[in-house]
Amino acid sequence: MRSARRLVPPVVFACLLLTGCKSTSLGTSTPSGSGGPSAAVPGNGGAGRAIATGAGPQQHYTVQQQPAAGSCHYRYEHGEPLEDPKCTPGAISPAVTQANLNSTICRKGGYTSGVRPSTYVTGKEKKLNAVSYGYTGSASEAEYDHLISLQLGGDPNDYRNLWVEPADPGHRSSQGVNNKKDPVETELHTAVCAGRVTLAAAQQAIVTDWTTALTRLHLQ
């Protein structure tokens, strides 16, 4: 039997002796799956960071494990709450693509009601996610929000795409959920279905910063 050293090409063996070599030089690859990142999603102004792909719509949703307690931290832009990108980077549904918009998110009669998890599932997840973010306010005033909304092809129940979104600044208590992010999502959906921006561009803009998504895509 030949020695292991002789089976390794000289260049690769030399690489193994250097501390700076990466595992990819040996041909290793990251396992693929619903939790892995997809290819970088292009926007209208250049390539952005990769957005993960979730499992997509399910017949039976189960309560998803959430980030560790207190590990997520809100950011604020002009007083508006933003998600922690480490805990909630966003996830897209493989069931929605640029090619099938007319039969999914842009179809007449709606799309979201048929893929939305039950309140039984999301109610449990919302309580767990509130602990992840350290949210201690009224649960009825906070929205368990899809970062990439369902009407923009966001994954319905991937924990990476859901977060407890606090009420907007100046929001009056006892008025229920009413966030400024919602009309932004609707405008993006309208623009995607009208062909004014691509699905990928809208998804990228909203995970980057929903407060600037419309201006980033020259929609306002």
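Mentor: Let's begin with burial: buried means under 20% relative accessible area, exposed over 50%, and partly exposed in between, with a 1.4 Å probe and protein chains only. Keep in mind that this is a predicted model, where local features need pLDDT of at least 70 and side-chain atom pairs count only at pLDDT 80 or more, while totals for chains, interfaces and linings use all residues. Residues are numbered from 1 along each chain as its sequence is written, and side-chain values use heavy atoms, with hydrogens and water left out.

Trainee: Why does Tyr-74 count as buried?

Mentor: Its relative accessibility is 18%, which is under the 20% limit, so Tyr-74 is buried. Trp-163 is buried too, with a relative accessible area of 0%.

Trainee: Why is the pair of Tyr-74 and Trp-163 called tilted?

Mentor: Rings of Phe, Tyr and Trp (its six-membered ring) pair if their centres lie within 6.5 Å; planes under 30 degrees apart are stacked, over 60 edge-to-face, and the rest tilted. Here the centres are 6.2 Å apart and the planes stand at 55°, so the pair is tilted. Tyr-74 sits in the loop between strand 2 and strand 3 and Trp-163 in strand 7, so the pair ties together parts that are 89 residues apart in sequence. Helices (H or I, at least four residues) and strands (E, at least two) are DSSP runs numbered from the N terminus.

Trainee: What other residue forms an aromatic pair with Trp-163?

Mentor: Tyr-133 does, with 6.4 Å from centre to centre and 50° between the planes, another tilted pair. It links Tyr-133 in helix 3 with Trp-163 in strand 7, 30 residues apart. Tyr-133 is buried, as is Trp-163. Tyr-74, Tyr-133 and Trp-163 form one aromatic cluster.

Trainee: How do you know that Cys-72 and Cys-87 form a disulfide?

Mentor: A disulfide is a pair of cysteine sulfur atoms within 2.5 Å, and these two sulfur atoms are 2.2 Å apart. The torsion about the S-S bond is about -100°, so this disulfide is left-handed. Cys-72 lies in the loop between strand 2 (46-53) and strand 3 (75-77), and Cys-87 in the loop between strand 4 (80-82) and strand 5 (91-92), so the pair ties together parts that are 15 residues apart in sequence. Both Cys-72 and Cys-87 are buried.

Trainee: What makes the link between Cys-106 and Cys-193 a disulfide?

Mentor: The S to S distance is 2.0 Å, which falls within the cut-off of 2.5 Å. With Cys-106 in the loop between strand 5 and helix 3 (119-133) and Cys-193 in helix 4 (residues 181-193), the pair ties together parts that are 87 residues apart in sequence. Its S-S torsion is about -90°, so this disulfide is left-handed. Cys-193 is partly exposed, at a relative accessible area of 33%.

Trainee: Why is helix 5 described as largely enclosed by the rest of the structure?

Mentor: Because 8 of its 10 residues are buried. Among them are Leu-199, Ile-206 and Val-207.

Trainee: Which residues touch the most other members of the largest nonpolar core?

Mentor: Ile-105, Leu-188 and Val-192, out of 42 residues. Helix 5 gives the most to this core, with 6 residues. A nonpolar core is a set of buried Ala, Val, Leu, Ile, Met, Phe, Trp, Tyr and Cys residues joined through side-chain atoms within 4.5 Å.
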